[in-house]
Amino acid sequence: MGRVLIIGAGGVGNVVAHKCAMAPQIFEHICLASRTKSKCDAIAADVKAVTGRDIETAQVDADNVAETVSLIKHQKPDLLLNVALPYQDLHLMDACLETGIDYLDTANYEPIDEAKFEYSWQWAYHDRFKDAGLMALLGSGFDPGVTNVYCAYAAKHLFDAIHTVDIVDCNGGDHGKAFATNFNPEINIREITQRGRYFEDGQWHETDPLSVHQTFDFPGVGPREMYLLFHEEMESLVKHIPGIQRMRFWMTFGQEYLTHLRVLQNVGMTRIDPVMYEGREVVPIQFLKALLPDPGTLGENYEGLTCIGCVIEGVKNGEHRRVFIYNNCDHAVCWKEVKAQAVSYTTGVPAMIGAKMMMTNTWRGEGVFNMEQLDPDPFMEDLNEHGLPWQVLDWPESVK
Ligand code: NDP
């Protein structure tokens with residue numbers, strides 16, 4: 001039993017708050033805080049209607065360490081669960097160190113003025129967390145998150161040596177809008193418009209944005225075109241899977257989505273630097289975010305499934321083996337359960353499970369950890385229990 005402070009009242013924060021409230025034996029007290037308190041209050045009202053539980057709400061600017069410290073001192077949580085934006089990661093880690101509490105997030109730090117994400121900034125906190133006897137768990141969403149745990153499970157149970165991993169991410173759902181992103185538009189567009197990157201034969205290789213693609217037949221969804229991207233979990237997995245020869249990440253996009261994105265890029269609407277407009281500075285991508293549908297509101301008429309998983313090849317008992325470990329998640333089922341679409345759901349459920357692992361000391365360590373460094377078994381069990389059941393299939397062919 002313990003107290004959790006959730007920061008961020010967006011699409012993912014909504015799922016985390018509901019799922020924590022559904023596990024009262026673990027999360028005895030919940031406070032949801034964000035920049036806009038009214039969003040926390042709306043989520044709290046729905047949590048009350050769905051689960052009968054009261055959760056506290058608060059206003060905080062998570063970029064202001066002193067404000068977060070004062071909230072932590074008031075709330076006295078055991079763990080801070082960060083589902084605000086990646087820009088806040090370091091400020092929130094600082095606040096945890098100052099107050100002596102554990103930390104968890106779902107996305108690695110990004111500086112606001114540079115579309116670049118990597119773990120170096122957060123790994124640099126390892127000794128400070130270790131010396132303070134605290135634990136920070138990085139990337140406890142689906143990808144990163146569950147995909148890292150799938151790899152750890154494969155390494156523990158299915159392979160003696162893993163040679164290649166292809167992480168494949170498909171949203172086969174339809175929200176009926178001409179163009180919308182499924183999580184924070186600013187973070188999402190920054191991620192997919194940067195150069196592709198993959199790991200092979202001991203080094204990283206770069207590709208032009210969205211230039212490498214192929215068709216993959218996703219269980220439950222069918223054949224979809226998927227595009228090679230850089231994604232953060234590859235950085236830690238390459239470090240933690242001994243002898244890995246190749247690691248790639250693929251995400252599906254429809255032609256309509258790519259056409260919208262190309263036009264927005266061509267006219268400068270995805271720029272992250274400020275431009276002067278009528279005597280004041282405007283950052284085009286932040287203005288675009290204000291125009292696009294809020295990802296948290298897409299759920300109501302969303303239909304179809306997501307399919308995210310890992311195609312893993314390697315050797316078991318001297319024989320070559322290839323498996324696909326994956327989950328299908330149904331947008332409409334998520335809406336019914338917690339008024340969310342499946343992309344928020346597949347992120348929020350693993351965030352809650354990661355917090356549960358830490359608060360029950362099932363996962364314990366001192367320092368900064370990525371998901372694959374911890375025992376996958378209890379986490380995999382909880383995925384089945386809390387709404388994200390997984391399958392392992394012998395997979396007929398290699399990803400080209
Ligand atoms: P949203 O934009 O819907 O929500 C973000 C929330 O954070 C908003 O409520 C926002 O407040 C709040 N926030 C932003 N800045 C601050 C601040 N300075 N202080 C306090 N609160 C702040 O995003 P999502 O819910 O879609 O995504 C949340 C996180 O999950 C992101 O980091 C995203 O990258 C990550 N993610 C991870 C995935 C994974 O699989 N690992 C997949 C999808 C998302 P306000 O309402 O006032 O704007």
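Analyst: In this predicted model, Leu 81 stands opposite Leu 104, the latter lying in strand E5. The two strands concerned are E4, made of residues 79-82, and E5, made of residues 102-105, which run parallel and are joined by four bridges. As a general point, the strands of a sheet pair through backbone hydrogen bonds, and they may do so in either a parallel or an antiparallel way.

Widening the view, E4 and E5 belong to an open sheet of seven strands, in which the order is E3-E2-E1-E4-E5-E6-E17 and the pairing is parallel. Strand E3 (56-59) and strand E17 (367-370) form the edges of this sheet, each of them pairing on one side only. On average, and with direction ignored, neighbouring strands of the sheet are turned by 20° against each other.

Helix H1 (residues 11-21) and helix H13 (residues 342-359) have axes that come within 8 Å and cross at roughly 45°, which makes H1 oblique to H13. The crossing of these two helices is right-handed. On the H1 side, the contact is made by Gly 11, Val 12, Asn 14, Val 15, Val 16, Lys 19 and Cys 20, while H13 contributes Ser 344, Tyr 345, Thr 347, Gly 348, Val 349, Ala 351 and Met 352. Sorted by class, the residues in this contact of H1 with H13 are eight nonpolar, five polar and one charged.

Definitions and conventions:
Residues are numbered from 1 along each chain as its sequence is written. This is a predicted model: local features need pLDDT of at least 70, side-chain atom pairs count only at pLDDT 80 or more; totals for chains, interfaces and linings use all residues. Two strands pair if DSSP finds at least two bridges between them. Axes are lines fitted to C-alpha atoms, for helices over the stretch in contact, and angles run from 0 to 180 degrees between N-to-C directions. Angles under 35 degrees count as roughly parallel, over 145 as roughly antiparallel, 65 to 115 as roughly perpendicular and the rest as oblique. A crossing is left-handed if the near helix is turned anticlockwise from the far one by less than a right angle, and right-handed if clockwise. Two residues are in contact if their C-beta atoms, placed from the backbone, lie within 7 Å. Ala, Val, Leu, Ile, Met, Phe, Trp, Tyr, Cys and Pro count as nonpolar, Asp, Glu, Lys and Arg as charged, and the others, Gly among them, as polar.
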